[in-house]
Amino acid sequence: MKGGSEKGYIVGLDIGTTKVCTVVAERTDSGLSIVGMGLAPSQGMKKGMVYDIERLSQTIEKSISEAEQMIDTKLEDVIIGIAGEHISGFSSEGIVTTPTGVITERDVKRVIDSAKINNISPDKQIIHIIPQEFVVDDQRHILKPVGMYGRRLKANIYIITGNLHAIKNLIRACERVGLNVRNIVLQSIASAEAVLYPEEMEIGTVLIDIGGGTTDVAVFYNNSLVHTVEVDLGGNHITSDIALRFGISRATAEDVKKKYGVANANRVTEREIIQGIKRAGPSQLVDISRKELAEVIQLRLEEIFDRVKVGLDSSPFPKFIRNAVLTGGTSSLPFIEDIAEKILGIPVRIGYPHDISGMTEVENPIFSTAVGLVIYANKNAPVYESTPYSSGKGFFSRFREKVKQWFAFLFS
Ligand SMILES: Nc1ncnc2c1ncn2[C@@H]1O[C@H](COP(=O)(O)OP(=O)(O)OP(=O)(O)O)[C@@H](O)[C@H]1O
Ligand SMILES: [Mg+2]
């Protein structure tokens with residue numbers, strides 16, 4: 001039923017490698033209030049790609065129905081996050097001269113048309129067109145150029161695309177359980193809404209979301225997303241390393257990591273021993289040195305941050321990245337800031353969803369994306385009310401819709 005949005009509910013669905021998380025927010029006079037949530041262990045999803053649509057649908061249904069029970073309402077319209085190696089971002093530039101010397105809406109449309117999106121292959125779909133700046137004659141950093149005097153108008157835009165089939169499969173997984181996908185948002189853009197402060201987005205900040213299967217990196221500068229990096233490593237690799245190193249099952253390793261794990265081996269002493277951990281196989285127990293455990297964790301984290309650093313160095317704005325914010329489940333590892341700071345060479349903080357009213361349980365880095373999705377949807381209300389995505393929709397109609405959204409932003 002359409003009741004979900006009519007009642008003022010906004011539903012964010014974060015389909016991750018380890019969990020499918022639903023967050024329901026209600027629009028109130030004083031802003032958004034979180035009124036419902038659902039959480040189910042993820043199945044059928046790996047590194048942002050669907051590999052078992054039936055199992056994924058079941059997980060989505062479970063997560064959604066938990067939230068439905070909380071608010072006693074059937075939910076139908078959702079906004080979903082997307083991430084993974086199939087996502088890519090690139091800059092594009094358009095340039096036109098203005099016939100009258102004053103910039104009109106038509107000139108802005110022309111400059112976007114001229115920023116030809118030639119290089120997108122048919123197996124890709126546009127997810128975001130992000131205005132970074134307009135340049136009027138030689139004046140830079142202009143966001144709304146209409147009405148300004150100028151002979152030459154240049155547009156710098158950042159385009160995010162994803163694999164068409166990966167996107168369709170995600171939508172299909174939702175549709176199979178009766179959900180309409182209202183919008184698709186890059187997970188990093190959503191997480192940034194929930195955890196970054198406006199001034200951080202302005203001065204230059206990198207948001208690093210270390211999840212289970214992937215680490216999604218997004219650089220914000222001058223209030224805009226300017227660069228993205230995907231690293232195909234996350235907390236699950238740490239769990240596997242621990243299981244392998246100490247000969248314990250993955251489930252036990254996951255428990256040990258969460259209970260005793262720290263990111264910096266210098267922060268624990270040799271004397272700390274975790275006793276009686278169950279080994280894989282028939283009832284054998286093993287004692288684990290907490291320092292050795294930390295060494296395993298630290299080694300993998302160093303690899304992750306090294307890869308992040310390489311990705312950041314290839315950014316067009318490496319010098320403008322003033323600080324880093326870590327989020328996602330793996331950022332809960334104590335002293336992870338030490339390792340990030342050492343490798344990235346900038347101040348690091350942990351980002352939680354903040355300024356949330358209603359259910360404060362969501363103030364945990366594993367909920368950053370889901371909370372961010374509802375904040376994003378609330379800010380982009382007209383977009384949210386637009387025609388739902390459908391798994392059958394073609395690339396060009398989607399592109400036109402995105403351009404329409406951009407115009408809505410520019411001329412608002
Ligand atoms: N308290 C904790 N200490 C250490 N690690 C944790 C903790 N809580 C969660 N994790 C780890 O965080 C990871 C899951 O994070 P998150 O929920 O952000 O991932 P996801 O969104 O499902 O995955 P992805 O974004 O990669 O698709 C798992 O590897 C889990 O072990
Ligand atoms: Mg995630």
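**Figure 1. The loop that holds Phe335, between strand E17 and helix H10.** In this predicted model, Phe335 is found in the loop that runs between strand E17 (323-327) and helix H10 (336-344). Its phi is near 70°, which is a positive value in a residue other than glycine. Most residues other than glycine have a negative phi. Because 18 C-beta neighbours lie inside 10 Å, Phe335 counts as partly exposed.

**Figure 2. The loop that holds Lys47, between strands E4 and E5.** Lys47 is found in the loop that links strand E4 (45-46) to strand E5 (49-50), and its phi, near 50°, is a positive value in a residue other than glycine. Is Lys47 buried or exposed? Lys47 counts as buried, because it has 20 C-beta neighbours inside 10 Å, and a residue with 20 or more is placed in that class.

**Figure 3. The contact of helix H2 with helix H4.** Two packed helices are described by the angle between their axes and the distance between the axes. Helix H2 (residues 53-71) and helix H4 (residues 164-175) pack at an angle of about 55°, and their axes are 8 Å apart; the two helices are therefore oblique to each other. H2 passes H4 in a right-handed crossing, in which Ile53, Leu56, Ser57 and Ile60 of H2 make the contact with Asn169, Arg172, Ala173 and Cys174 of H4. By class, the residues of this contact divide into 5 nonpolar, 2 polar and 1 charged.

**Figure 4. The contact of helix H7 with helix H8.** The axes of helix H7 (residues 235-246) and helix H8 (residues 250-260) come within 8 Å and cross at roughly 110°, so that H7 and H8 are roughly perpendicular to each other. On the side of H7 the contact involves Ile238, Thr239, Ser240, Ile242 and Ala243, which meet Arg250, Ala253, Glu254, Val256 and Lys257 in H8. The residues of the contact of H7 with H8 divide into 5 nonpolar, 2 polar and 3 charged.

**Figure 5. The residues around ligand 1.** Of the 23 residues around ligand 1, those that come nearest are Gly16, Thr18, Gly211, Gly235 and Gly329. The elements that give two or more residues to this shell are H7 and H8, the helices whose axes cross at roughly 110°. Sorted by class, the shell around ligand 1 has 2 nonpolar, 17 polar and 4 charged residues.

Notes:
Residues numbered from 1 in each chain as written. Chains lettered and ligands numbered in written order. Predicted model: local features only at pLDDT ≥ 70, side-chain atom pairs only at ≥ 80, totals over all residues. Axes fitted to C-alpha atoms, helices over the stretch in contact; angles between N-to-C directions. Helix = DSSP H or I, 4+ residues; strand = E, 2+ residues; numbered from the N terminus. Parallel < 35°, antiparallel > 145°, perpendicular 65-115°, else oblique. Contact = placed C-beta atoms within 7 Å. Nonpolar A, V, L, I, M, F, W, Y, C, P; charged D, E, K, R; others polar. Left-handed = near helix turned anticlockwise from the far one by under 90°. Near = placed C-beta within 6 Å. Buried ≥ 20, exposed ≤ 12 C-beta atoms within 10 Å, placed from the backbone.
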